[in-house]
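Subject: Structure handover, salt bridges

Dear colleague,

Here is the structure I said I would pass on. My notes on its salt bridges follow below.

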Amino acid sequence: TWSKVVERAPFAPRCGMGITTFQGRIWIAGGTVHADVQSLSDVWSTADGLQWSLAVAAAPFSSRSAMALQPFQGQLFLLGGFTVEGPSAEVWVSSDGVKWAQSAPLPVAMSDFGAASLGKEGLFTAGGTTGDGVSEDYTAVPFSLALAERG
């Protein structure tokens with residue numbers, strides 16, 4: 001059965017945030033405060049769902065919602081999302097959830113999509129929304145490409 005673990009988290013109520021597990025913690029990034037229609041760029045984590053820690057109040061990526069947040073080979077990847085400019089092709093990478101570096105972009109700007117790791121080969125994105133509507137793309141993003149731009 002499901003149960004509520006905390007009455008109110010210390011961060012603003014939101015929708016469309018990225019959420020995943022990484023390094024034994026649950027991580028959330030960004031999202032939209034529905035009442036204000038304000039997108040966020042904060043990053044939070046918890047080991048137990050009760051005690052949340054702010055990792056970074058304003059990450060270097062622009063405020064966004066509907067992005068994918070996916071761990072892969074010891075790093076946390078933030079992929080795409082919906083920004084004030086529309087769907088984004090940006091990819092951001094962090095080894096600790098605090099310091100983020102921009103990586104090589106996705107082949108197409110997109111939001112509202114799924115992402116999964118492909119073993120040692122890379123990340124896989126599926127579906128989503130582009131500026132032209134619903135995507136039918138299923139794209140493998142090689143890990144070597146993501147690393148190339150990080151320096």
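Lys99 has a relative accessibility of 63%, and because the cut-off for exposed is over 50%, Lys99 counts as exposed. The side chain of Lys99 meets that of Asp96 in a salt bridge, with 4.0 Å from N to O. Asp96 is partly exposed, its relative accessible area being 26%. Please keep in mind that this is a predicted model, and that the values are computed from it.

In total, the structure holds 4 salt bridges. Besides the one between Asp96 and Lys99, two others are described here.

One of them joins Asp42 and Arg14, whose closest N and O atoms are 2.7 Å apart.

Another salt bridge is formed by Lys4 with Glu7, where the closest N and O atoms lie 3.5 Å apart. Here Lys4 counts as exposed, at 62% relative accessibility. Glu7 also counts as exposed, with a relative accessibility of 67%.

In the remaining pair, Lys99 is exposed and Asp96 is partly exposed.

Regards

How values were computed:
Residues are numbered from 1 along each chain as its sequence is written. This is a predicted model: local features need pLDDT of at least 70, side-chain atom pairs count only at pLDDT 80 or more; totals for chains, interfaces and linings use all residues. Side-chain values use heavy atoms; hydrogens and water are left out. Buried means under 20% relative accessible area, exposed over 50%, partly exposed in between (1.4 Å probe, protein chains only).
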